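Have a look at the chain first, then try each task before reading its solution.

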Amino acid sequence: MENTEIRELKVRHITKRFPGVLASDDISLTVGRHEILALVGENGAGKTTLMNIIMGLYKQDSGKMFINGEEVNFKSPNDAFDAGIGMVHQQYMLVPNMTVLENIALGMKSCWKGTWVDLDSVRSKINEISEKYGLVTDPDAYIWQLSVGEQQRVELVKTLCLGAKFLILDEPTSALTPQETDELIILLKKMSSELSIIFISHKLNEVKALSHKVAILRHGRVVFEGNTADYSSKDIAEMMTGHKVNITENNEEQVNGTPALTVKNLCVKSDRGFYALDHFNLEVNAGEIVGLAGVSGNGQRELAEFLNGLRKCESGTYTFFGTSLANKTPGEIIASGMGYIPEERNVEGIVPSMTIKENLILKDSESSRFSSHKILKNKIIENYAEEMMSRFDIRSPHINFTAGSLSGGNIQKVILAREISRKPRFLVCVYPIRGLDMGAAEFIHRQLLELRTNGVGILLISEELEEIMNLSDRIAVIFKGKIQKVLKKNEANTKQLGILMAGVKDDE
Amino acid sequence: MMNNYKLWFKISVIACAFLIALIAGAFVILAVGGNVFETYWIIISMPFRNFRSLCEVFTRMIPLTIIALGICVSSRCGINNIGAEGQMYMGVVASCAVALHCEALPKFVAVPLCIIAGALAGAAYGFIPGFLKAKLEVSELLSTVMLNYAATQFFLFCIRVPLLDPNEKTGTPMSSRLPESAVLSKFFRGASLHQGIILALILVAVIYVLLFKTTWGYKMRAAGASERAANYGGIDVPFYLIIAMCISGACSGMAGAVELMGVQGRAMSGITSGYGFSGIVVALFAALHPIAVIPASFCFGILLYSQVNLQILTSVPPNLVETVQGIIILIIVSVQMVINNPYALEKFRKRFFTKKTGLTEV
């Protein structure tokens with residue numbers, strides 16, 4: 001099978017059951033020659049499970065798989081590689097302190113000659129692939145030096161070097177900037193003249209732009225399959241969620257609230273020692289949402305951490321409802337009414353090995369509501385957790401479930417439940433819907449707007465322009481630790497924001 | 001009900017570990033020319049031969065339990081206290097020094113005073129690595145092990161010079177016998193079990209409540225489970241690290257005091273009998289749960305007591321027990337990998353629990 005082209009990949013009646021969950025329910029799909037199939041569906045719809053079955057990572061309970069009409073049975077990912085199927089996972093599998101060349105050589109058994117690795121053959125293979133597909137990579141760069149987009153390109157080259165003629169991409173754009181996403185889409189389009197691709201996503205504009213066919217999964221079932229061109233994004237979104245989708249939008253008049261949070265001339269160092277924020281100024285009022293747009297890595301992380309006491313500043317002032325909070329401890333900042341939805345929800349926003357119940361009181365174990373004389377009021381905490389589970393639609397068997405085993409959307413709801421029910425005066429949200437499906441994203445956006453109506457000031461840090469445009473009253477664009485420009489909601493458009501995010505100052 | 005299978009999974013994994021350790025131990029016994037079944041039979045049956053033997057096991061459980069409880073606190077807070085041995089030595093020194101001045105005091109004053117002295121000394125000695133870790137990020141593995149050496153030498157110095165028994169003419173370094181008012185009474189004539197077991201049982205309850213019912217325990221567990229998330233949640237992680245090390249040290253110190261006052265009656269070299277290290281194993285064996293420390297220390301009490309019997313009844317060297325203990329440590333550490341493996345857990349559930357919980361098997 002080594003060098004034959006994959007003209008057709010067919011799965012028929014694939015069923016896979018996990019305890020209590022039907023992950024794949026009688027799935028049948030066909031991907032033809034040089035075709036791009038977009039596989040869409042909400043989190044937990046069974047997209048990744050299906051791909052893992054195709055790659056031989058899981059064994060299906062029933063059902064068959066055919067390549068070019070012949071039945072195949074993959075026992076491990078190696079069998080799938082041999083058949084010419086390659087997958088780029090959501091998490092990149094690269095060794096950071098090795099070069100691109102070495103990383104690719106790791107997977108290429110053909111260049112291993114006993115204890116000696118034939119790096120030259122790998123290099124020529126990389127050059128060949130780069131030229132053929134226009135995938136520019138520097139074989140001698142170290143992985144840690146590369147941006148996320150470049151790392152993804154390395155993953156693609158790696159997969160292609162292994163001889164893949166059929167690519168599976170699991171949410172390839174989830175960590176990319178808008179520009180990188182556009183580049184990737186152009187690239188994949190070009191590649192489809194040589195390859196077949198299955199493309200997992202829940203961003204419908206990408207699906208529209210890229211795919212020939214679309215298949216929608218819901219609760220492990222294919223609920224729809226058709227030509228992408230025949231359907232609008234809205235149609236697909238409705239079939240994906242199973243109900244009408246309302247885009248959450250902030251249509252209310254901007255209120256003139258009192259200044260809630262003011263930072264002036266702020267200088268904060270990054271972990272690597274340079275100034276991530278350089279004389280940074282920002283003001284957010286009570287009852288407004290300020291969207292901070294920018295490509296990640298321009299100081300957003302440092303700003304959020306500084307505002308919440310997790311990072312010290314070198315100079316500058318930080319006034320919060322009239323009191324200075326610069327370089328105070330996280331505990332003091334929380335006590336003054338700050339809420340924070342952190343970027344890394346799985347490791348920072350929750351204690352993964354503790355239960356939902358315990359995570360809900362992370363910031364309030366000392367409050368008189370949940371404890372007296374240092375003794376926790378277990379009954380009250382349990383009732384509170386039950387209430388939060390139903391109010392915030394946290395889907396979990398019970399309150400004593402470990403938070404780390406929840407899905408991303410449910411983890412975010414746990415964090416949101418904790419932050420909102422504390423009745424904060426201000427909320428810092430970092431990438432609140434990154435990696436979430438449309439249902440969860442919509443829910444979270446509605447909660448944020450409700451907070452705004454109640455007079456809470458919100459700083460929304462995001463890369464998704466659509467999210468920022470829909471929710472914000474004012475939009476500030478950050479570039480290299482400085483504010484490029486602050487725009488009123490009705491003055492801003494996507495194109496202009498994109499230009500500002502790229503560092504071009506417009507002088508009007 | 002949901003967590004039930006997890007509990008059974010842990011129990012069966014630990015039971016398997018024990019079994020593997022026994023099998024590995026069998027090879028060691030064979031290698032030294034012993035009789036495997038006879039040796040194991042002595043280890044298992046001797047404690048239950050009569051009440052006095054059982055009391056011997058209980059007596060060994062006392063320091064094991066108290067130290068393991070302290071380890072539960074420190075490990076749950078994310079700091080590995082390998083220094084229990086040293087903290088125990090410091091506890092012995094302090095309580096011995098206090099006890100020797102307690103002759104005139106009534107028992108109900110002297111005994112608590114000596115135990116508190118031991119606890120404070122242990123806590124102070126636990127504070128050092130805790131502080132170094134919290135403020136200067138010094139690895140606690142390094143500092144606690146090094147402080148063990150220092151404590152051992154300090155202890156030897158004390159029983160040779162300041163605490164040396166003036167009536168001792170043979171030159172054996174040891175303190176004077178403790179005055180009667182500072183000795184923990186025995187419950188039964190001729191059996192070694194002493195009042196320290198009451199303290200051990202009270203501490204089990206105290207540590208359980210501390211860890212699972214108080215805000216302090218909650219914060220310590222949060223800090224241990226995810227330092228970053230705890231920090232984010234406004235928990236003063238360094239503070240709780242230090243507190244956890246002090247509690248851990250206080251437990252070890254108390255264990256030293258109780259061993260001195262209940263068993264030995266005077267401070268002499270080798271008084272800790274390696275309890276500081278065995279206690280760590282007990283805590284791991286109990287999966288860091290204070291209640292589970294009781295059965296775990298019972299198992300290790302049996303093992304330790306068997307050293308005596310093996311010496312009397314067989315040709316097998318008693319050090320064998322230490323070998324078996326070493327094997328158990330290795331296996332326990334490896335077993336953590338299995339316990340934390342969700343796939344193994346899932347398989348276990350499928351195999352044994354699917355029918356009972358009403359889910360249909362495919």
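**Exercise 1.** Find out in which sense strand E15 (residues 289-293) of chain A and E22(A) pair, and over how many bridges.

*Solution.* Start with the terms: strands (E, at least two residues) and helices (H or I, at least four) are DSSP runs numbered from the N terminus, and two strands pair if DSSP finds at least two bridges between them. E15(A) and E22(A) pair in the parallel sense, with five bridges. Within E22(A), Ile461(A) is the bridge partner of Leu292(A).

This is a predicted model, in which local features need pLDDT of at least 70, side-chain atom pairs count only at pLDDT 80 or more, and totals for chains, interfaces and linings use all residues. Residues are numbered from 1 along each chain as its sequence is written, while chains are lettered from A and ligands numbered from 1 in the order in which they are written.

**Exercise 2.** Identify the residue of strand E21 (residues 426-430) of chain A that stands opposite Ile461(A).

*Solution.* First, E21(A) runs parallel to E22(A), joined by five bridges. Next, look opposite Ile461(A): Val430(A) stands there.

**Exercise 3.** Explain why strand E22 (residues 457-462) of chain A is largely enclosed by the rest of the structure.

*Solution.* A residue is buried if 20 or more other C-beta atoms lie within 10 Å of its own, exposed if 12 or fewer, and partly exposed in between, with C-beta atoms placed from the backbone. Six of the six residues of E22(A) are buried, so the strand is largely enclosed. Gly457(A), Leu459(A) and Ile461(A) point one way, and Ile458(A), Leu460(A) and Ser462(A) the other.
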